Amino acid sequence: MDTMRDRLAPAVSRLLDEDPRVAVVIAEIGKDGFADARRRHPDRVINVGIREQLLVGVGAGLALTGMRPVLHTFASFLVERPFEQVKLDLGHQGAGAVLVSAAASFDWPAGGYTHMAPGDVALLDTLDGWTVHVPGHPDEAETLLRHAVAAGDDKVYVRLSVQSNAHRRPVDGEHFVTVREGRSGVVVAVGPLLDTVLTATEGLDVTVLYATTVRPFDAAALRRATRAAGTDVVLVEPYLAGTSTSAANDALLDVPHRVLGLGVGRAELRRYGTAEEHTAAHGLDARSLRERISAFLGTRAGAGTSGTLGTSDTADTSGA
């Protein structure tokens, strides 16, 4: 199966053909995928070179002229390095753009810590008005890219990953999807972690919600789920642990509740290894998730808490 990023250039190139407002700005990374589109639309496919601050500034300038710019590079170079430009050139100027990242968290460990950005969504959370899509399958990535480009002049972040679920789910760019229903807790699985969460919670009496659009946070879906499943909530996110705990707390502000945020820990893992090793080290593999979810929900998780997956001695680095 191709990756989400494999779908990026073909999908956006079609949008360039369809909509004269669409423009693409890249910073060397990904330029080969847009070679044909650049020949067809040389004025709307712009490579600024390895100048990520300029990448955002040019995108903001295009937006101020009425264009709909799509900006692409690795997450660490798209959100972290040019954050001042994201804050001022886009946010302060009231300019909209579609930021499409790759290699966030630890998708490419060989690139080292400079190419990892588990804090990207949390960082955007410090700014106002961002929509954040986290697809879990290449088909969903295409759908959400189209939603993002069509979203008027909004500020949208699309977080692509090499990790993927086996099958696509129906996504609409707004709502969580109920995948499994139970009575002893709610687990919100974000993007490419859904399959792992389903494996981890097999046999547990819990509701599983699937989130591919995390900002705005679908508070109504969480509230509906807790009416039947109770107000113990576990968030499993492929970026910094706890990123969405405040959103879940706000959704349940008027009822007693507990929230556990699982995700990538703050500890820097200096042995880069493989993506699978990073997943296990952060306790995001199925065995570790089952142990942590069961421990949080306790006996309320139902008779299946012991399950067949057993336990894991993986260290808990989430800080949750």
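I began with strand S4 (residues 98-102) and strand S6 (residues 155-159), which run parallel and are joined by four bridges. Strands here are DSSP runs (E, at least two residues), as are helices (H or I, at least four), numbered from the N terminus. Within this pair, I found Leu99 opposite Tyr157 in S6.

A note on what I am looking at: this is a predicted model, where local features need pLDDT of at least 70, side-chain atom pairs count only at pLDDT 80 or more, and totals for chains, interfaces and linings use all residues. Residues are numbered from 1 along each chain as its sequence is written, and side-chain values use heavy atoms, leaving out hydrogens and water.

Next I traced the open sheet: seven strands in the order S2-S1-S3-S4-S6-S5-S10, with mixed pairing. Two strands pair if DSSP finds at least two bridges between them. At the edges I noted strand S2 (45-47) and strand S10 (213-215), each pairing on one side only.

Then I turned to the helices. The axes of helix H3 (residues 52-64) and helix H5 (residues 83-92) come within 9 Å and cross at roughly 10°. Axes are lines fitted to C-alpha atoms, for helices over the stretch in contact, with angles from 0 to 180 degrees between N-to-C directions. So H3 is roughly parallel to H5; that label covers angles under 35 degrees, with over 145 being roughly antiparallel, 65 to 115 roughly perpendicular and the rest oblique.

Which residues in H3 meet H5? I listed Gln53, Val56, Gly57 and Ala60 in H3, meeting Gln85, Val86, Asp89 and Leu90 in H5; contact means heavy atoms within 4.5 Å.
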